[in-house]
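Let us walk through this protein one piece at a time. Keep the 3D view open and find each residue as it comes up.

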Amino acid sequence: KKGLGACEYDIGTHEIVRNIEPVNKRFFYGHGAYSLDGQQLFSTETELDGLNGVIGLRNSKDLSYLGEFPSYGKEPHECKLIDAGKTLVVTNGGGDIDGDEPCVAYIDVASQQLLEKITLTRSELNTGHFEINSSGDLIVVSAPRVGLEESGVGGVSIKRKNGDMLSINAPLDITQKMYGEALSVVIHDGRGIAMVTHPEGGMVTFWAVKEQHLLKTIELPYPRGAELTVDKDYFIVSYDQNARLMKIAVDGLIAEPESIIDNTYITGSHLYNWSRDMDEIFYSG
């Protein structure tokens, strides 16, 4: 998470293998991506003085520090590789409302140069988490900018591959209930549907990516993680104080209460399905 340290954790033994210290007066911000050959690890980092964003580069075997390049914004959060590992996409949150404009930066990995910078159409939103489908369409979910937390709402922004970014304002009865952050997002590529969780708003929303509009909402207490089953027939959402998991059928976007698993202890911000094809999303293995 956001802070001065990170660690490598052995899932099999349930033990911390080693601590990872940030360098050059920085803090981590919770996300990273492995190169497709599995040899390097990219991590989002922020300089404590000035909040400039850096992508740290480490050896994935021993986590030794190899170098860095700019994230082309301030306070970067999530990063993912696309285009067969050639491009790193980074969300830069921008800091407080008087700071730099939040953006999504597309960075050429080989040259470490900025290819494209995308900003939202609502200045009160940061750039948090995102998904990109196989067509190159981008969906960004946001929290209110630093300084607007008490009165602000989060939001959802969608950009077609060769189209304009749209930070969605309608319908107002839904978008004004997106209190706090819009947290997790997953796209069903075949159907062109994205699911987004809104913990403080007490709902999950479903979006038509191509048409850039809302399809449906389902009320759930404090939903957080969002994923797809291996067969891609269901969305999975984690929610409630008891850390429940539930399936929502892609056909009809219908919640299935009989699928609920209680007390899972899966209480983090996101869900990852390691059995699903993750080649360009998170890890090549």
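Start with Ser-269, which is buried at a relative accessible area of 14%. Buried means under 20% relative accessible area, exposed means over 50%, and partly exposed lies in between (1.4 Å probe, protein chains only). This is a predicted model: local features need pLDDT of at least 70, side-chain atom pairs count only at pLDDT 80 or more, and totals for chains, interfaces and linings use all residues. Residues are numbered from 1 along each chain as its sequence is written, and side-chain values use heavy atoms, with hydrogens and water left out.

Where does Ser-269 lie? Ser-269 is in the segment after strand E23 (254-261). Strands (E, at least two residues) and helices (H or I, at least four residues) are DSSP runs, numbered from the N terminus. The side chain of Ser-269 makes a polar contact with the side chain of Arg-224, at 3.0 Å. A polar contact is a pair of N or O atoms within 3.5 Å; within protein, one must be able to donate a hydrogen and the other to accept it, and residues adjacent in sequence count only if both atoms are side-chain atoms.

Now find Asn-273. Asn-273 also lies in the segment after E23. Asn-273 is buried, with a relative accessible area of 15%. Its side chain reaches the backbone oxygen of Leu-228 at 2.9 Å. The C-alpha atoms of Asn-273 and Thr-229 are separated by 7.3 Å, although these residues are 44 residues apart along the chain.

Next, turn to a sheet. Strands of a sheet pair through backbone hydrogen bonds, either parallel or antiparallel. Here 5 strands form an open sheet, in the order E1-E4-E5-E6-E7, with antiparallel pairing. Strand E1 (2-3) and strand E7 (65-74) stand at the edges; each has a single partner strand, so one side of each is left without a neighbour in the sheet. Two strands count as paired if DSSP finds at least two bridges between them.

Look at E5 and E6 within that sheet. How many bridges join strand E5 to strand E6? There are 7 bridges between E5 (residues 40-47) and E6 (residues 52-59), which run antiparallel. Thr-44 stands opposite Ile-55 in E6. Move on to E6 and E7. These strands pair in the antiparallel sense over 6 bridges. Arg-58 stands opposite Tyr-65 in E7. E6 and E7 form a hairpin with 5 residues between them, and Leu-63 in the turn has a positive phi of about 65°.

Charges come next. A search of the whole structure finds 13 salt bridges. A salt bridge is a side-chain nitrogen of Lys or Arg within 4 Å of a carboxyl oxygen of Asp or Glu. One of them joins Glu-45 and Arg-58, at 2.7 Å from N to O. This pair links distant parts of the chain: Glu-45 is in strand E5, Arg-58 is in strand E6, and they are 13 residues apart. Buried or exposed? Glu-45 is buried at 0% relative accessible area, and Arg-58 counts as buried at 3%. Both belong to a network of salt bridges that links Arg-26, Glu-45, Arg-58 and Glu-68.

Another salt bridge joins Arg-18 and Glu-8, at 2.4 Å from N to O. Arg-18 lies in strand E3 (residues 15-20) and Glu-8 in strand E2 (residues 6-10), so the pair ties together parts that are 10 residues apart in sequence. Arg-18 is partly exposed at 28%, and Glu-8 is partly exposed at 27%.

Strand E3 also holds Ile-16. Ile-16 is exposed, with a relative accessible area of 54%. Tyr-9, Ile-11 and Ile-16 form a nonpolar patch on the surface, with about 360 Å² of accessible area together.

Finish with the cysteines. A disulfide is a covalent bond between the sulfur atoms of two cysteines. How many disulfides does the structure hold? The structure holds 0 disulfides, counted as pairs of cysteine sulfur atoms within 2.5 Å. The sulfur of Cys-7 is 17 Å from the closest cysteine sulfur, in Cys-79, which is too far for a bond. For Cys-103, the closest cysteine sulfur is also in Cys-79, at 14 Å, again too far for a bond. Cys-7 counts as partly exposed at 38% relative accessibility, whereas Cys-103 is buried at 1%.

How values were computed. Patches are made of residues with over 30% relative accessible area and no salt bridge: like charges are joined within 9 Å, nonpolar side chains (Val, Leu, Ile, Met, Phe, Trp, Tyr) within 5 Å. Accessible areas come from the Shrake-Rupley method with a 1.4 Å probe; for residues, only the protein chains shown count as cover.
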